Amino acid sequence: MSKRILLVGGSGFIGKKIEKILKQRNPDFHVYIGSRKPEKSNHILIDLDTPETLTQIIKNSIELVVLCTTDKKNILLEYCINYQISYIDITYPSEQLKLSYELAKNKNINSRIIFSSGWMSGIIGGLINQNNINKIKKINIYIYYSSKDDSGKSSSHFIAENITKKYPVYLDNTKKQIKNFQYPENYEFIILKKKFKTYSFEIPDLYILNHIEQIPTVTSKITFESNMTTLGVALLQKLHVFRLLPLNLRKKIFLSDKKGDQTSFDIVVTKQNDSIETISVQSVNGQGDLTAFSTVLHIEKLFSFPSGTYFSHQLYDNFELAKSLQQNTSIKIKIN
């Protein structure tokens with residue numbers, strides 16, 4: 001079934017990956033790229049700083065808009081809601097995700113509005129057994145992040161921009177404000193079979209799992225591929241060095257040569273009876289590939305849903321997302 005899809009910011013790193021995978025899996029889809037500088041025949045002039053350019057969405061009969069860039073004022077989201085065009089985001093930081101969700105849930109929605117800005121396009125919630133979600137009392141997320149991952153500038157810039165900010169974790173439904181790269185914990189990743197020192201790290205899933213799925217305790221921690229690198233970052237944080245550095249310099253610190261590397265994360269689920277289940281995910285092609293492939297799965301899935309506001313994990317039945325992800329041979333999922 002042919003669909004007309006617009007990737008706003010599609011000329012960037014993730015957008016190009018989404019376009020490639022989407023065309024490979026759905027050759028009948030018409031994929032357009034929204035860009036400030038249209039370069040090819042399928043490019044459309046879209047500039048979120050110039051809202052008048054959004055009229056191109058209607059003129060080109062676009063059925064779904066995918067946000068692959070920043071839109072701090074929610075201009076694109078409001079346009080899609082007002083003109084009944086389906087929409088999916090993959091780039092919101094936590095605070096904007098909250099504001100955007102509040103905006104959408106108070107509107108009369110006559111299209112599909114999908115919030116997909118959790119870790120790796122919001123797949124953590126979709127990998128958890130939805131039948132048992134009301135029996136979960138705690139979720140701890142452990143992330144292996146390689147500074148060599150060729151995921152584009154977005155990930156390293158995100159760390160640089162947010163490393164000095166406080167953010168909430170949820171402990172038995174009590175919100176506690178902490179900073180990134182605090183509270184060290186040794187953790188052995190299941191698929192990697194290697195132990196790392198992990199530190200606190202904010203991802204939007206903390207908000208999603210606590211506020212949307214009502215899980216009382218949710219935390220997340222991260223490590224780099226080298227314990228020495230991780231300890232170095234933690235020390236600079238402890239000494240308040242990042243607070244003194246300008247943003248451009250912080251960005252340079254976290255931006256490496258990006259030759260390519262794997263990504264991995266574990267979701268440790270503790271149920272009310274204290275039994276534990278661990279869901280482990282690895283993408284040998286890195287987080288850019290995993291994010292793009294996940295987004296394509298969401299795009300394919302959302303057209304079968306009625307109008308409404310959803311988080312991407314709500315599009316899937318139990319274990320459906322895990323099976324779909326493993327269609328990509330570079331992605332491995334293990335459940336213990």
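Colleague: Which residues form one aromatic cluster?
Modeller: In this predicted model, that cluster is formed by Trp 119, Tyr 145, Phe 158, Phe 181, Phe 201, Phe 224, Phe 242 and Phe 254. Rings of Phe, Tyr and Trp (its six-membered ring) pair if their centres lie within 6.5 Å; planes under 30 degrees apart count as stacked, over 60 as edge-to-face and the rest as tilted. By this rule there are 19 aromatic pairs.

Colleague: Why is the aromatic pair of Trp 119 and Phe 201 called edge-to-face?
Modeller: The ring centres are 6.4 Å apart and the planes stand at 85 degrees. The distance falls within 6.5 Å and the angle is over 60 degrees, so the pair is edge-to-face. Trp 119 belongs to helix α5 (residues 119–122) and Phe 201 to the loop between β11 (194–200) and α8 (205–212), so this pair ties together parts 82 residues apart in sequence. Helices (H or I, at least four residues) and strands (E, at least two) are DSSP runs, numbered from the N terminus.

Colleague: How do you know whether Trp 119 is buried or exposed?
Modeller: Buried means under 20% relative accessible area, exposed over 50%, and partly exposed in between (1.4 Å probe, protein chains only). Trp 119 has 11% relative accessibility and therefore counts as buried. Phe 201, at 3%, is buried as well.

Colleague: On what basis are these values taken from the model?
Modeller: The model is predicted, hence local features need pLDDT of at least 70 and side-chain atom pairs count only at pLDDT 80 or more, while totals for chains, interfaces and linings use all residues. Residues are numbered from 1 along each chain as its sequence is written, and side-chain values use heavy atoms, with hydrogens and water left out.

Colleague: What lines the largest cavity, and how do its residues divide by class?
Modeller: The largest cavity holds about 60 Å³ of space. Its lining includes Phe 115, Asp 205, Ile 208, Leu 209 and His 313, and α8 gives the largest share, 3 residues. Ala, Val, Leu, Ile, Met, Phe, Trp, Tyr, Cys and Pro count as nonpolar, Asp, Glu, Lys and Arg as charged, and the others, Gly among them, as polar. On that basis the lining of the largest cavity has 4 nonpolar, 7 polar and 1 charged.

Colleague: Which elements give two or more residues to the lining of the second largest cavity?
Modeller: That cavity has a volume of about 40 Å³. Among its lining residues are Ser 94, Lys 98, Tyr 170 and Glu 202. The elements in question are α4 (94–105), β8 (166–171) and α8. By class, this lining has 5 nonpolar, 1 polar and 2 charged residues.

Colleague: What is the volume of the second largest pocket?
Modeller: About 170 Å³ of space lies there. Helix α9 (residues 227–238) supplies the largest share of the lining, 5 residues. Phe 181 of the aromatic cluster is one of the lining residues.

Colleague: Which class of accessibility applies to Ser 61?
Modeller: Its relative accessible area of 44% lies between 20% and 50%, so Ser 61 is partly exposed. Ser 61 has phi near 55 degrees, a positive value in a residue other than glycine. Asn 74 likewise has a positive phi, near 60 degrees, yet at 7% relative accessibility Asn 74 counts as buried.

Definitions and conventions:
1 Å grid on protein atoms, 1.4 Å probe; cavity = no way out; pocket = protein on both sides within 12 Å on 5 of 7 lines; lining within 4 Å. Points joined across faces, edges and corners; volume = space filled by probe spheres on them.
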